[in-house]
Every structure is written in structure tokens, then in C-alpha cells.
Amino acid sequence: MPACHRGRTLLWLTIAFASELGLIKGGAEAQCQDKCGPVDIPYPFSIGPRSCAMAAGFNLSCKNSRPFHGDFEVLNISLQLSQLRVLNKISSFCYNPSSQKMENHTWEKNLEHSPFMLSDSGNKFTVIGCRTLAYITDKNNVGKLMSGCVSACRRGDVTSATNGTCSGIGCCQTTIPKGLNYYKVSFDQAFNTSDSIYNTTLCSYAVLMDSSDFKFSTSYLTSPEFNTSAPMLLDWAIRTANNCDEAQKNLTLYACKSDKSECFNSSNGPGYICNCTNGYQGNPYRQDGCQGKIPSNLIIARILKLRLP
């Protein structure tokens, strides 16, 4: 066989082998984006036609190479932990020296009828200020959540706060319960920063945020450094069934498609999640998505075996 033909044949066989391993995508699936900028977008999420995602709630948009779910910028998607890490807006309560009044900029978020719940395990309601009382409540104060956090400085002196410490002096944090898909932030206007200390601490801040890598800085009290957004965790699950037992009664709608996947009941709200069984990795929501770990030298050896004499 001529060398050029042998080379083309080898290239074709290599591509076919790579396709078999799932390294190349084609056809209709290629229209479904699985990346936006540096962020991987694994199924059941997708960017592109709505049919690419498992359901409408998993459809994301890509703007300027940044993925969004509604007005949340998505930082990371974890299949194994079943979490989205997003940017959440920070609420503020600031003194305006011109009007000599406090100005309120608070945020609320409604995740009803979506796959998401506010993560109770990773988030904490965080309040920063030298004379601040802020509340986090659920929709219309129906009773699932009504919690406050008080942050104060001794005699209004910011030097009483300590870098890295969020225990009530300049910074406080409190947990939230499970099963929340809505929250609203508000400030107690009778308690917060006023003209008596505004020259030192102009604003108070409050936000529900991922507390895992948060470190309080005393500069947050005296500068606008902490006033835009902070990372927050959302727990997601397949909410079309209440649990695994119920989901497995309808295999057509059952989301754990790989035969090497397992079903786990959601730990936050109704529903279930899928993970690859021990020893396998990949995407349990895809047919044959969970694969055994193939050493790189074995992949090379298999490709070499395809060479023609």
C-alpha cells in the first residue's frame, strides 16, 4: 500500500478510535455547547438550543465568554457534588452625607420552579458593619426562614475588629435551614450605621455567600471593597421525582442513564442526583457516560495496534 494511503488510513482509524472513547463529538450534539469561556458546562446543563439541556432549568446563556443562569454568573458546575457556584449580589445600607439619610440597596432571589435550592451546607448569611442588624427572610415571611445577624464595633471603633475573625465584631455570620429556594435581605433602619459614625464606616453590607474560603478583612468596614458580589452555592437535583425509588419507576424519565451510575436522594429538598459508581468517572447523566479510568499508556498502545504493516 502506498505510504500516503497508509497514512490516511492510520489517521482515519485514529479518529475512529478517539470517537469511540468519546473524545470527538459530532452531529446534533456538536451544536450543544459544553464550554463557555474557561467554564465547563456538563450535561444536564447546556448552552445553545433549549433541547440540549435536560430541562429548561438547566439551560444557561453565554455572554462575553461568561456563563449565566438568569442574573447569576456561573463560576463552576460540579456533577459529583451537584452544586453550582455562582456570583451573588451584595446588599448595602449606606449613609448619604448630602441628604443625611440612609440609602437602601437590597436584593432578593426567587428560585421556585427550578432545579435549585440555596445550599445550607456551604453558605452563611454574612453581615459586615460597625452598627448593623440585617435579616434574611423567605418569601412573604411565610415562616421557613426569619433570621438576623448583628455586627458591632466596640464604641464604634473599627480597631476593635480583627482580620480573619467573623464573630460579631465588625462581621457576623449565621447559617440557613434546608429547603430554601427564595431569600430576601433587609436592614433594621433603627440599628444601622448613621451620621454618628458614618465618617468611619459609611456602609453596612449583607449577603448569602459561600463561607468556605471567606476571610474577613477590617478594610471592608472603611472602604467600598466589599460592595459588589460574592460567591454563593446552589444545590441542584433532578426534581421531577421526590426520590430515587419514585424516579426508578419510570425508566424513560429516569436521569441516571449510564449503567455504571448510582442514584442518591437529594440532601436539600425533594429529588435525586446521579453519580458514577466507585471506580468509574465521567457523566452519569449520559448513556455510557461513566467510564473506567484508562491509563494514558494503554490508550497509546491501543492506537499503535491499529497501525497497518
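**Core and strand pairing**

Modeller: This is a predicted model. Its largest nonpolar core has 48 residues, of which F45, L84, L118, F125, L234, Y272 and Y285 touch the most other members.

Biologist: Where does this core lie relative to domain 1 and domain 2?

Modeller: The core lies between them, because domain 1 (88-236) and domain 2 (239-308) both contribute residues to it. A second, separate core of 18 residues includes C94, F214, F216 and A230.

Biologist: And F125, what is it in contact with beyond its neighbours within four places in sequence?

Modeller: Its contacts there include A134, Y135, I136, C149, C172 and Q173. T174, V185, A206, V207 and L208 are also in contact with F125.

Biologist: Which way does β12 run against β17, parallel or antiparallel?

Modeller: Antiparallel: 6 bridges join β12 (residues 123-128) to β17. In this pairing, N123 stands opposite D210. Strand β8 (residues 91-96) is likewise antiparallel to β17, joined to it by 4 bridges, and S91 has A206 as its bridge partner.

Biologist: Now the whole chain. How many helices and strands does it have?

Modeller: The protein chain has 4 helices and 22 strands. Buried residues make up 42% of its 309 residues. The accessible surface comes to about 16,700 Å², with 50% belonging to carbon and sulfur atoms.

Biologist: What share of the contacts with a separation of 6 or more joins residues 24 or more positions apart?

Modeller: That share is 61% in the protein chain.

Conventions. Residues are numbered from 1 along each chain as its sequence is written. This is a predicted model: local features need pLDDT of at least 70, side-chain atom pairs count only at pLDDT 80 or more; totals for chains, interfaces and linings use all residues. Side-chain values use heavy atoms; hydrogens and water are left out. A nonpolar core is a set of buried Ala, Val, Leu, Ile, Met, Phe, Trp, Tyr and Cys residues joined through side-chain atoms within 4.5 Å. Buried means under 20% relative accessible area, exposed over 50%, partly exposed in between (1.4 Å probe, protein chains only). Domain bounds come from an automatic or database domain assignment. Contact means heavy atoms within 4.5 Å. Helices (H or I, at least four residues) and strands (E, at least two) are DSSP runs, numbered from the N terminus. Accessible areas come from the Shrake-Rupley method with a 1.4 Å probe; for residues, only the protein chains shown count as cover. Two strands pair if DSSP finds at least two bridges between them.
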